[in-house]
Amino acid sequence: MAHLNTDQFQPLGIAVLTVSDTRTSDTDTSGNTLVDALRGAGHHLVERGLVTDDIWQIRARLAVWIADPQVQVVLISGGTGFTARDNTPQAVAPLLDRQVDGFGELFRQVSVAEIGTSALQSRALAGISNGTLVCCLPGSPNACRTAWERILGEQLDSRTGPCNFVTHLQAAVAGQPDRCCGPRS
């Protein structure tokens, strides 16, 4: 099986959604953190949105983006805690074709160095829906920065080996068969 990294960077189309009952477009520091990171890495911001922490509003916005062939990745910040108004995981999980189980586990592991055992309070998750990677992150700018710098920056870079998510996403967009990491041939 072929390895899934390339010598050339392949920019992705990324949408950013902030889930919050209190933030506005002027106070969305987490969204700004993600937009700055993805643009700094060379990716394209396709669209940015902000919805209240409501299951149906989250699903409605996400459904539009996962059906849009220009969007290969959706980054969602907010709503991943344990309060009654934290609904992002419940909204997103039913729309996923496959869950990336290791994402939440890895996010909590790398967060321990910064916030200790409070990392357990995150229900960060990721999955693929219709060939689109959807990542749900906590709503703090520091959590978004940690996710980008420790996980997403590498996994959304086609040069990262032995494998990364880009080939799964590009394959879906280009109509090529999906390939996965495997032993070197």
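1. R59 is found in helix α2, residues 55-66. Helices here are DSSP runs of H or I with at least four residues, and strands are runs of E with at least two, numbered from the N terminus. The model is predicted: local features need pLDDT of at least 70 and side-chain atom pairs 80 or more, while totals for chains, interfaces and linings use all residues. Residues are numbered from 1 along each chain as its sequence is written, and side-chain values use heavy atoms, without hydrogens and water.

2. What does the charged end of R59 sit over? The ring of W56, 4.8 Å from its centre. The rule asks for NZ of Lys or CZ of Arg within 6 Å of the ring centre and within 35 degrees of the ring normal. R123 lies over the face of F82, at 5.6 Å from the ring centre.

3. Leaving aside residues up to four places away in sequence, R59 touches Q90, A91, P94 and L95. Contact means heavy atoms within 4.5 Å. A polar atom of the R59 side chain lies 2.9 Å from the backbone oxygen of A91.

4. The protein chain has 6 helices and 6 strands. Of its 185 residues, 45% count as buried.

Conventions
Polar contact = N/O pair within 3.5 Å; in protein donor to acceptor, adjacent residues only side chain to side chain. Buried < 20%, exposed > 50% of the residue type's maximum accessible area, 1.4 Å probe, protein only.
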